[in-house]
Amino acid sequence: MKNTKKKNKSGSRGFILFLLGPFCVLHLIFTIFPAVYSFVLSFFKYRGYGEAKFIGLENYKNLLGMSSTWRQMGNTMIYYFSHLIPCLIIGFILAYAVYNMLGKRSQRFYKPIFYLPQLCATVAASMVFGVIFGTNIGVINQLLGTKIPFLTNLNYIKIPVIVLIIWRTMGWYFLILLSGMSTVSTDLLEAAKLDGANRIKQIRYVVLPVMKPIISFLIITETMSSIKIYTEPALVTNNVTATSMPIAAAPFVNVIVSNLDGGQFGMASAAGWILFGVILIFTLIYMAVFNEKGGI
Amino acid sequence: MRKARRITAVLLGMAMVAGLTACAGSDEKKDSSAKSNTDEKVTIKLMEWDSGVDNAKTEWEVFLDTFPEYKDKVEIEVITGGSGPIDIMETMRKMAASGEQEEMPDIITCNWAQVPEYYDMGIIRDVTDVYDEHGDEILPGVMSLMKYKDQYMGFPAEVKTKIWAYRKDMFEKAGVDPNECKTVDDLIAAGKKVQEVYPESYIENYTEVAQGYDLYAYFTGNGARLADEEGNYICSSDPGVRDAFEFYEKMRESGVVSTTIQDFSEDWYAALNDGTLCSQVLAGWFTSNHLPNVCPDLAGKWGLALWPEDIAKGSESGAKLMMVNDASPNADLCVEMLTKFCYTEESASALFHSSRGIIPYLKSCAESEEFLVANDYYDVDRMETEFKAMDLLSVYPYTPNSSLEETIIVRYLGEYLSGTMDLDTALKSAEDEMKAQIGNAYE
C-alpha cells in the first residue's frame with residue numbers, strides 16, 4: 001500500500017516535471033539567461049563586437065551622474081502619475097456608473113466602446129494625435145482658434161503625450177474595475193443601504209475595501225508597464241528614432257534605446273537595471289501599502 | 001486515473017516530437033529550396049531601410065534591363081533592415097557579435113555616419129581597386145565621400161548635396177535671386193524680402209525639437225568637430241560647433257524661419273504646398289523624388305540653388321552608401337555589379353531617366369547635354385546646380401560613436417533653442433555627457 005502511494009507520488013511528480021519542463025527550459029534560455037547576461041554586461045564597455053572591457057561600476061556611476069538621466073526619469077514619472085491618477089479616478093467612476101446605474105445590457109455596449117483605444121495600434125494612434133495637436137492644421141488649435149505649438153515647443157510637448165496615454169489606457173482601467181465591481185456582494189451593499197449609508201459611504205466603506213485586491217493588481221501591473229513607456233512620446237514628438245527626441249519629452253527608456261542605437265551595450269544594460277530597480281521599488285511600496293491592514 | 005495521465009503524457013510527448021520534427025523539416029525544406037535556387041541563379045541580398053526598399057527594387061530592375069547578361073545569372077532580393085540605417089547597424093552589430101558574418105546580406109546600405117563603425121567592425125570589402133581603375137572618370141566630390149581612412153568603403157546610393165530649394169514664383173515676385181546670397185546675413189535678408197510680399201511665408205523651419213541632419217549639414221560647411229583627432233570631446237571649445245548653434249538661434253530670431261512647423265508633420269506638408277514654407281535650405285535629399293511626390297501640383301514652381309557661398313561647402317550627412325559584405329560568397333560579383341551600377345554611362349543614363357532620376361556620378365555625364373535637361377518637375381537649372389554642389393562635397397569627420405554623439409548634441413541644441421540653457425551650459429553639458437557615455441570617440 002505504502003509502495004503504491006510512493007509510486008503514485010513519484011509518478012505524478014514526473015508528470016508535473018514533464019509539463020513544466022518545456023516552459024522552464026524556454027524561460028531559462030529566453031528570460032533568465034539574457035537577464036543575467038545583461039547584468040554582467042552592465043559592468044563592461046562593449047560594442048557588440050571586438051573585446052568587452054571590464055569597467056566595474058563605471059556605467060552606473062556615469063549614468064547616475066548625468067543630469068539628463070534624472071530629467072528623463074522625471075519625465076517618466078510625469079507620464080506615469082499624470083495618467084495613473086486620472087485613469088484610476090475616471091475609470092472607477094465610469095465602471096461604477098455602468099455597473100450600478102445602467103443595466104447589464106448596457107455593459108455589453110460600453111465595454112468595447114471604452115476598450116477600443118487599447119486595441120488601436122500605438123503607431124496609428126500616435127500619428128493621429130500628431131495631427132490633432134498640429135499647430136496650424138491641428139483639430140484642437142482650429143477649434144480653439146489658437147496656434148499653440150503643442151508638438152514643437154518644449155514647454156507644451158508633454159501634453160499631447162499625456163492625453164494620448166490617458167486615452168489609450170482608460171479602457172483597461174475601466175474594464176478591470178468593472179470586473180472588480182462584480183466581486184462586491186449585493187447583500188453587503190443592501191445592508192449598508194439599510195444602515196443608512198449614502199453612495200459615497202457605500203463606496204468608501206464597502207466597494208473600495210472589497211475591490212482592494214483588484215485595485216492593487218491594476219496599479220502594480222500598470223506601474224510595471226508604464227514606467228517602461230517609450231513608444232508614445234517617441235511617436236508623438238514625430239521621432240521614429242531616439243536620435244532627436246528632446247530631453248524635455250524623452251522618457252527614461254530613451255536612455256536605453258539611444259545607447260543601444262549607439263552601440264553602447266554595457267551602458268544600455270546598466271540603464272535597464274536601474275529601471276528594473278525603480279520598478280521593483282514601486283512594486284514593493286505598493287505591495288506594502290496594499291498588504292497593510294485597512295489600507296485603502 | 002493513472003491510465004488517463006499516462007495517455008495524456010504520451011499524447012503530449014507525441015505532439016512535442018511532431019512539433020520538433022515539423023520545425024526540422026521546414027529547415028530542411030528551406031535548405032533544399034535555397035540549394036536549388038543557387039543551382040539556377042545567384043541570389044544577391046541587399047539590405048535597405050524601409051523608405052528605400054521600393055526605390056532600390058525599381059533601380060535594380062532598371063539595372064538588369066540595362067545589363068541583361070545578369071538577368072539569367074542573378075536575382076536581386078531587396079530586404080528591409082528596419083526604419084533607418086541605425087536599425088541596420090544594430091542588426092549587423094548583433095550578427096557580428098554572434099559570428100554570423102557569412103549570414104549577413106551581400107550588400108549593406110548605410111549613411112556616412114555609420115561608415116567609421118563598419119570600418120572598425122572589419123566586415124566591409126575594400127574596393128580601392130575599383131577606384132584606382134575608375135578614379136579618373138568619377139566626380140572628385142563623390143570619390144572623396146567613398147573613402148574612410150585608407151579604404152574605399154563602397155558605392156554611392158545617393159549623394160547628399162547641400163541644395164537650397166525655393167519657390168521660384170514667390171522669390172521672383174519678391175525680387176530675390178537666391179544665387180546672389182553669399183552670407184548668412186544675405187540669406188536672412190532674402191527671407192525678409194520675401195516676407196515683404198508674403199508676410200506669412202518662411203524660408204525654413206527650425207523648431208525646438210532640433211534635427212541632426214540640419215545641424216550636421218551646417219557642421220560640414222564650417223569645420224565643426226565634436227571630438228579632436230585623438231577622440232577627446234571638445235565641443236564646448238570648438239568654434240565651429242558654437243557657430244552652428246548660434247546660426248540656428250540667429251535664424252530663428254530673425255523671424256524668417258518658422259519655429260512651429262516640424263519636418264515630416266502634417267503642418268509641414270501643408271506648408272510646403274500652400275506657400276507658408278517658400279523654401280527649404282536643406283533640400284538636397286528631397287529634390288529627386290520627395291518634393292515631386294509631396295507637392296505634385298507645384299511642378300515647375302520649385303527651383304534649386306546652392307547654399308550661400310560662406311557655408312556652401314559640405315553635404316547633408318555625406319552620402320548613402322552600398323557596401324559589400326567581405327565574407328559573402330558573392331562579394332566579387334557584387335563589386336562587379338555595383339561598379340557597373342554606379343560608374344558606367346549606360347547605367348547612369350538609364351537610372352537618370354527612371355522614376356527617381358538619380359544624378360550621375362561620372363565626370364563625362366556632368367559635361368553631357370543628355371543630363372543637363374529639364375524634367376517634368378524642375379527646370380534645367382536643377383542639374384546645373386546639382387553638379388556644382390557635387391564639386392563642393394565634403395563630409396563631417398564622423399567617428400564610430402557618431403550615432404550617440406548626434407543624439408547628445410542635437411538634444412542640447414534643443415535645450416539652447418528653447419532657452420532652457422544658455423550656449424555655454426548647453427555645449428558644456430553636451431561635452432560632459434559625451435565623455436560620460438562614450439569616453440573616447442574612437443574607442
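# A tour of chains A and B

Start by selecting M323(B): not counting residues up to four places away in sequence, M323(B) touches I108(B), C110(B), Y118(B), I124(B), M153(B) and G154(B). Touching, or contact, is taken as C-beta atoms, placed from the backbone, within 7 Å. The model is predicted, so local features need pLDDT of at least 70 and side-chain atom pairs count only at pLDDT 80 or more, while totals for chains, interfaces and linings use all residues. Residues are numbered from 1 along each chain as its sequence is written, with chains lettered from A and ligands numbered from 1 in the order in which they are written.

**The core around M323(B)**

Next, select M153(B), W164(B), L215(B), L321(B), I409(B) and L413(B) as well. Together with M323(B), these touch the most other members of the largest nonpolar core, which has 133 residues. Such a core is a set of buried Ala, Val, Leu, Ile, Met, Phe, Trp, Tyr and Cys residues joined through C-beta atoms within 7 Å. Buried means that 20 or more other C-beta atoms lie within 10 Å of the residue's own; with 12 or fewer a residue is exposed, and in between it is partly exposed.

Colour residues 402-417 of chain B: this is helix α17, which gives the most to the core, with eight residues. Helices (H or I, at least four residues) and strands (E, at least two) are DSSP runs numbered from the N terminus. Because domain 1 (39-159 + 318-380) and domain 2 (163-315 + 399-437) of chain B both contribute residues, the core lies between them. Apart from it is another core, of 36 residues, including L151(A), I229(A), A248(A) and I274(A).

**The two domains of chain B**

Colour the two domains separately; their bounds come from an automatic or database domain assignment. Their C-alpha centres lie 28 Å apart. Domain 1 of chain B and domain 2 of chain B each put 13 residues into the contact. On the domain 1 side, helix α4 (residues 115-121) of chain B gives the most, with three residues.

**R167(B)**

Now centre on R167(B), in strand β7 (residues 163-167) of chain B. R167(B) is buried, having 24 other C-beta atoms within 10 Å. Show G275(B), C278(B), S279(B), K301(B) and W302(B), which R167(B) touches, not counting residues up to four places away in sequence. L277(B) is 110 residues from R167(B) in sequence, yet 8.7 Å away in space, C-alpha to C-alpha.

**Chain A and its side towards chain B**

Switch to chain A, which has twelve helices and two strands. Its radius of gyration, taken over C-alpha atoms, is 24 Å, whereas a compact globule of 296 residues would have one near 19 Å, by the rule of 2.2 Å times the number of residues to the power 0.38.

Then show both chains: 38 residues of chain A are in contact with 40 residues of chain B. On chain A's side, α1 (2-41), α2 (58-65), α5 (122-132) and α11 (253-261) each supply at least two residues. The largest share, four residues, comes from α11(A).

Finish at α5(A), where S126(A), F129(A) and G130(A) are buried. Looking down the helix axis, the buried residues of α5(A) fall within an arc of 105°, so they line one face; the arc is that of the directions from the axis to the C-beta atoms. Their cover includes α7 (158-181) and α10 (231-236) of chain A, together with α11 (266-274) of chain B.
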